[in-house]
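Q: I am new to this structure and would like to learn how to read its features one at a time. Could you take me through them?

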Amino acid sequence: MHACRSYIEMEKRFKVYVYEEGEVPIVHDGPCKDIYTIEGRFIEEMEQDHHFRTKDAHKAHVYFMPFSVAWMVRYLYKPNSYDITPLQHFVSDYVRTISTKHPFWNTTHAADHFMLSCHDWGFDPEPYPGFHRLLLQ
């Protein structure tokens with residue numbers, strides 16, 4: 001019963017800050033009608049005035065980088081090239097933008113930041129100390 005009360009309390013208090021940097025289609029949008037739909041639906045839910053979202057970054061527990069890996073693959077990757085450099089550059093540029101504009105990345109070295117990738121195209125977190133890769137199945 002204690003775990004249930006803790007979960008209910010977390011639902012009331014937990015807040016996510018969604019970075020506003022970036023432009024559609026790669027940021028703030030995602031696929032909603034294919035095998036990666038969960039990525040698009042999650043981004044859509046976070047973009048809307050959801051009860052977990054806060055516009056005040058100081059009240060956030062975690063920070064969401066709302067770029068779509070599926071759209072990065074669609075718009076930046078050249079099929080059969082096996083060159084993921086354009087995707088890496090996009091992520092690096094995005095991180096550089098938010099880390100220089102907002103203090104939150106640097107405060108925890110990104111330990112409280114996350115992105116979503118619903119497939120094997122997730123990026124390598126090694127160049128970003130503190131950024132952890134969590135795999136959920």
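The dialogue below goes through helices, contacts and surface in turn.

A: Please keep in mind throughout that this is a predicted model.

Q: Which residues of helix H3 are buried, and what covers them?

A: A residue counts as buried when its relative accessible area is under 20%. In helix H3, which spans residues 69-76, the buried residues are Val69, Ala70, Trp71, Met72 and Val73, and their cover includes helix H2 (37-47) and H4.

Q: What caps the N-terminal end of H3?

A: The cap there is serine 68, which places a side-chain oxygen 3.4 Å from the backbone nitrogen of alanine 70.

Q: Which residues does phenylalanine 90 touch, leaving aside those up to four places away in sequence?

A: Contact means heavy atoms within 4.5 Å. Phenylalanine 90, which sits in helix H4 (residues 85-101), touches Ile26, Val27, Phe67, Met72 and Leu76 when residues up to four places away in sequence are not counted. With methionine 72, the separation is 18 residues in sequence and 8.2 Å in space, taken from C-alpha to C-alpha.

Q: Is serine 99 buried or exposed?

A: Serine 99, which also lies in helix H4, counts as buried because its relative accessibility is 16%. Beyond residues up to four places away in sequence, serine 99 touches Trp105 and Asn106.

Q: Which residues make the nonpolar surface patch of about 280 Å²?

A: That patch is made by Tyr7, Ile8 and Met10. Methionine 10 belongs to helix H1 (residues 2-13), and methionine 10 counts as partly exposed because its relative accessibility is 33%.

Note on methods. Residues are numbered from 1 along each chain as its sequence is written. This is a predicted model: local features need pLDDT of at least 70, side-chain atom pairs count only at pLDDT 80 or more; totals for chains, interfaces and linings use all residues. Side-chain values use heavy atoms; hydrogens and water are left out. Helices (H or I, at least four residues) and strands (E, at least two) are DSSP runs, numbered from the N terminus. Buried means under 20% relative accessible area, exposed over 50%, partly exposed in between (1.4 Å probe, protein chains only). Patches are made of residues with over 30% relative accessible area and no salt bridge: like charges are joined within 9 Å, nonpolar side chains (Val, Leu, Ile, Met, Phe, Trp, Tyr) within 5 Å. Accessible areas come from the Shrake-Rupley method with a 1.4 Å probe; for residues, only the protein chains shown count as cover. A salt bridge is a side-chain nitrogen of Lys or Arg within 4 Å of a carboxyl oxygen of Asp or Glu. A polar contact is a pair of N or O atoms within 3.5 Å; within protein, one must be able to donate a hydrogen and the other to accept it, and residues adjacent in sequence count only if both atoms are side-chain atoms.
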